[in-house]
Amino acid sequence: MKQQLENNVAVDHDIFQKFSGHEQVVFCNEPASGLQAIIAIHNTTLGPALGGTRMRPYESVDEALEDVLRLSEGMTYKCAAADLDFGGGKAVIIGDPNEAKSAALFRAFGQYIDSLNGRFYTGTDMGTTMDDFVHTIKETNFINGVPEAFGGSGDSSIPTAQGVIYGLKATNTFLSGSDSLAGKCYAIQGLGKVGFKIAEHLLQAGADIVVTDINKELIALIEQKATGTSGTVEAVANDEIYNIEADFFVPCALGGIINDFTVEKLRVHAVVGSANNQLREARHGKILHDKGILYAPDYIVNAGGLIQVADELYGSNKERVLAKTKAIYNSLVEIYKEANMEYITTVEAANRKCEKRLEEQRRRSNFFARSRRPKWNIRE
Ligand SMILES: NC(=O)C1=CN([C@@H]2O[C@H](COP(=O)(O)OP(=O)(O)OC[C@H]3O[C@@H](n4cnc5c(N)ncnc54)[C@H](O)[C@@H]3O)[C@@H](O)[C@H]2O)C=CC1
Ligand SMILES: O=C(O)CCC(=O)C(=O)O
């Protein structure tokens with residue numbers, strides 16, 4: 001929808017409509033390095049925006065934009081739920097992580113981050129690694145999750161995986177009264193930085209895992225890890241993972257994987273995984289609920305990495321990170337109970353909790369804003 005305004009500027013309302021819930025969206029285009037990226041700041045009510053940078057060979061700018069808008073909104077909720085004083089933001093770099101990475105590209109990206117002057121802090125996500133950001137820190141201080149040797153808190157996928165394990169234990173407790181991971185079957189999608197660590201932990205705990213990844217080397221690697229454990233590994237084709245009869249579906253790759261095509265196939269008791277934005281649309285949460293599949297809201301269980309990178313800005317303390325990551329267990333049990341009591345989905349219960357915190361902060365900010373001397377507009 002285009003509208004001609006009085007000053008003859010045509011405004012494309014469709015594009016503003018897309019961003020209507022966001023504070024700021026920045027398109028980054030640096031031809032020398034080939035950088036094409038989008039930074040989205042969703043909401044800074046609780047503090048400066050914080051969220052990782054994803055790199056993917058998106059097929060179109062629209063696809064990248066949709067991803068970054070959805071991911072940054074999720075970060076607002078994730079920060080609120082994890083009791084962090086940060087807001088929601090995220091960035092995406094358009095390009096194949098196996099081919100398009102260079103020092104120049106990550107430095108150019110750093111210059112864009114720096115231009116936001118602290119409104120947005122970022123680090124790794126799918127397709128990016130700590131080593132990529134070693135280049136970026138030459139241009140900006142607003143980076144987290146770099147290697148410890150460079151003054152960072154190190155690999156944030158470690159606490160993310162720990163958080164998911166707490167989520168699996170909490171769900172086991174809620175469903176069966178025991179938090180033991182052993183003897184159950186887990187269908188894991190994606191064996192990357194987070195998924196692999198979860199898979200390894202489950203094998204060591206004596207669980208049976210069914211795995212899939214587009215990268216076959218990772219499948220071979222996890223098969224080797226099963227040796228000497230009481231767990232078992234079965235590898236299946238990418239699309240087959242949705243059909244597996246298991247206790248848990250553990251999505252640790254892309255978002256939007258619970259959708260009209262997959263939701264009817266799932267034959268599990270619960271979905272607990274690290275992937276951001278697992279539900280294609282909110283209504284898919286309701287479909288899971290109606291099918292009797294317990295859904296652990298993704299932004300509750302995958303907050304471990306966020307907790308670590310946020311903590312880094314106050315001087316990295318592993319004990320503090322572990323304590324806050326452990327809290328995912330109780331937080332999830334509370335959400336499950338509230339959803340049961342109120343006859344609502346687990347996503348609705350989690351969202352309510354976050355919106356309450358955002359609303360409280362908004363009221364507090366307004367209250368203090370009233371004590372500031374008003375600015376005098378001399379032109380009126
Ligand atoms: N790294 C972290 O600390 C955090 C990650 N997450 C989310 O968790 C998910 C995984 O993140 P990472 O492990 O860091 O990413 P990663 O890039 O290290 O791993 C993703 C894995 O998924 C595989 N994959 C991609 N498409 C697939 C498909 N169609 N079927 C099967 N496997 C596929 C890739 O080959 C790769 O091994 C993402 O959604 C990410 O946003 C969320 C919070 C924190
Ligand atoms: O885990 C990180 O490094 C940053 C947090 C983040 O982007 C996320 O939780 O999705």
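The model is predicted, so local features are given only at pLDDT of at least 70 and side-chain atom pairs only at pLDDT 80 or more, while totals for chains, interfaces and linings use all residues. Residues are numbered from 1 along each chain as its sequence is written, chains are lettered from A and ligands numbered from 1 in the order in which they are written, and side-chain values use heavy atoms, with hydrogens and water left out. Helices (H or I, at least four residues) and strands (E, at least two) are DSSP runs numbered from the N terminus. Buried stands for under 20% relative accessible area, exposed for over 50% and partly exposed for values in between, with a 1.4 Å probe and protein chains only. Contact stands for heavy atoms within 4.5 Å.

**Annotated positions**

- An unreviewed UniProt entry carries the annotation "binding site" at Gly 190, Leu 191, Gly 192, Lys 193, Val 194 and Gly 195; UniProt positions follow the numbering used here, feature names are shortened, and annotations may be inferred rather than shown by experiment.
- Leu 191 is placed in the loop between strand S9 (185–189) and helix H6 (193–204), and it counts as buried because its relative accessibility is 0%.
- Not counting residues up to four places away in sequence, Leu 191 touches Phe 196, Ala 199, Val 211, Thr 212, Asp 213, Leu 218, Ile 219 and Ile 222.
- Val 194 belongs to helix H6 and is buried at a relative accessible area of 15%; with neighbours within four places in sequence left aside, Val 194 is in contact with Ser 157, Thr 160, Ala 161 and Ser 274.
- The feature "active site" is placed by UniProt (unreviewed entry) at Lys 90, a residue of strand S7 (residues 87–94) that is buried with a relative accessible area of 3%.
- Beyond its neighbours within four places in sequence, Lys 90 has contacts that include Ile 38, Gly 52, Val 68, Met 75, Phe 120, Asp 125 and Asn 276.

**Other buried residues**

- Asp 125 sits in the loop between strand S8 (120–121) and helix H4 (130–136), and its relative accessible area of 12% makes it buried.
- Ile 41 is part of strand S4 (residues 35–43) and is buried, with a relative accessible area of 0%.
- With neighbours within four places in sequence set aside, the contacts of Ile 41 include His 22, Glu 23, Ala 49, Gly 88, Leu 116 and Phe 120.

**Helix packing**

- The axes of helix H10 (residues 304–312) and helix H11 (residues 318–342) come within 9 Å and cross at roughly 150°, where axes are lines fitted to C-alpha atoms, for helices over the stretch in contact, and angles run from 0 to 180 degrees between N-to-C directions.
- H10 and H11 are therefore roughly antiparallel to each other, given that angles under 35 degrees count as roughly parallel, over 145 as roughly antiparallel, 65 to 115 as roughly perpendicular and the rest as oblique.
- The contact is formed by Gly 304, Ile 307, Gln 308 and Asp 311 of H10 with Lys 318, Arg 320, Val 321, Lys 324, Thr 325 and Ile 328 of H11.
- H5 and H11 pack with their axes 9 Å apart and at an angle of about 35°.
- Residues making the contact between H5 and H11 include Tyr 166, Ala 170 and Phe 174 of H5 and Leu 322, Tyr 329 and Tyr 336 of H11.

**Backbone and loops**

- Ser 316, in the loop between H10 and H11, has a phi near 35°, a positive value in a residue other than glycine, and it counts as partly exposed at 32% relative accessibility.
- Tyr 343 has a phi near 55°, likewise positive in a residue other than glycine; it is placed in the loop between H11 and helix H12 (346–369) and is exposed, with a relative accessible area of 75%.
- Most residues other than glycine have a negative phi.
- Gly 151, in the loop between H4 and helix H5 (157–176), is exposed at a relative accessible area of 63%.
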